[in-house]
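Dear colleague,

Please find below the structure that I am handing over to you. My findings follow it.

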Amino acid sequence: MPTDFQDQAKAGAEKMNEAGQKIAEQGSTIGAKIIDQVETNTREAFAAMRAATQAKDITEVMRIQSDYMRDQGNRAMTQAREVGELIMQFGKDAVTPFKQ
């Protein structure tokens, strides 16, 4: 005959399983986002290098480098915010089964 303790243990195990599934899904999402960001950053770096090789003088090279550094800084802040938001959502989703 099941007891309250057995029922609670079973419910707890089910919630742990649900949380584990959410953690796995979110981990994949975060990994994919980071790969996308690395790909974008690499593409932009090569574009800047190509532009620099076609520059007519050192002033143009410096402008290209400055533009790249500014844009990369902005991208880095945006990318960090995106990953941070995913991680926050990841934490919320992981604990949701335990709040029910």
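This is a predicted model: local features need pLDDT of at least 70, side-chain atom pairs count only at pLDDT 80 or more; totals for chains, interfaces and linings use all residues.

A residue is called buried here when its relative accessible area is under 20%, exposed when that area is over 50%, and partly exposed in between.

Overall form

The protein chain contains two helices and zero strands. Its radius of gyration is 23 Å, well over the 13 Å that the globule rule gives for 100 residues, so the chain is more spread out than a compact globule. Along the principal axes, the C-alpha atoms fill a box of roughly 85 × 15 × 10 Å. Among contacts with a separation of 6 or more, 79% are between residues 24 or more positions apart.

Surface and charge

The accessible surface of the chain comes to about 7,500 Å², and carbon and sulfur atoms account for 60% of that surface. There are 13 positive and 15 negative side chains, and the centres of these two sets lie 4 Å apart.

Salt bridges

How many salt bridges does a search of the whole structure find? The search finds six.

One of them joins arginine 63 to aspartate 67, with the closest N and O atoms 3.1 Å apart. These two residues are four apart in helix H2, and are therefore separated by about one helical turn. Arginine 63 has a relative accessible area of 44%, and aspartate 67 has one of 23%; arginine 63 is thus partly exposed, as is aspartate 67.

Aspartate 67 also meets arginine 70 in a salt bridge, at 3.2 Å from N to O. Both residues lie in helix H2, three residues apart, or about one turn of the helix. Arginine 70 counts as partly exposed because its relative accessibility is 46%.

Glutamate 85 and arginine 81 form a further salt bridge, in which the closest N and O atoms are 4.0 Å apart. Glutamate 85 is partly exposed at 45% relative accessibility, and arginine 81 is partly exposed at 47%. Salt bridges with shared partners join Glu60, Arg63, Asp67, Arg70 and Asp71 into one network.

A buried glutamine

Is glutamine 79 buried or exposed? Glutamine 79 counts as buried, because its relative accessibility is 11%. This glutamine 79 is placed in helix H2, which covers residues 58-99. Leaving aside neighbours within four places in sequence, glutamine 79 is in contact with Gln37 and Asn41.

With kind regards

Conventions
Residues are numbered from 1 along each chain as its sequence is written. Side-chain values use heavy atoms; hydrogens and water are left out. Buried means under 20% relative accessible area, exposed over 50%, partly exposed in between (1.4 Å probe, protein chains only). Contact means heavy atoms within 4.5 Å. The radius of gyration is taken over C-alpha atoms; the globule rule is 2.2 Å times the number of residues to the power 0.38. Accessible areas come from the Shrake-Rupley method with a 1.4 Å probe; for residues, only the protein chains shown count as cover. Lys and Arg count as positive and Asp and Glu as negative; His and the chain ends are not counted. The place of a charge is taken as NZ of Lys, CZ of Arg, CG of Asp or CD of Glu. A salt bridge is a side-chain nitrogen of Lys or Arg within 4 Å of a carboxyl oxygen of Asp or Glu.
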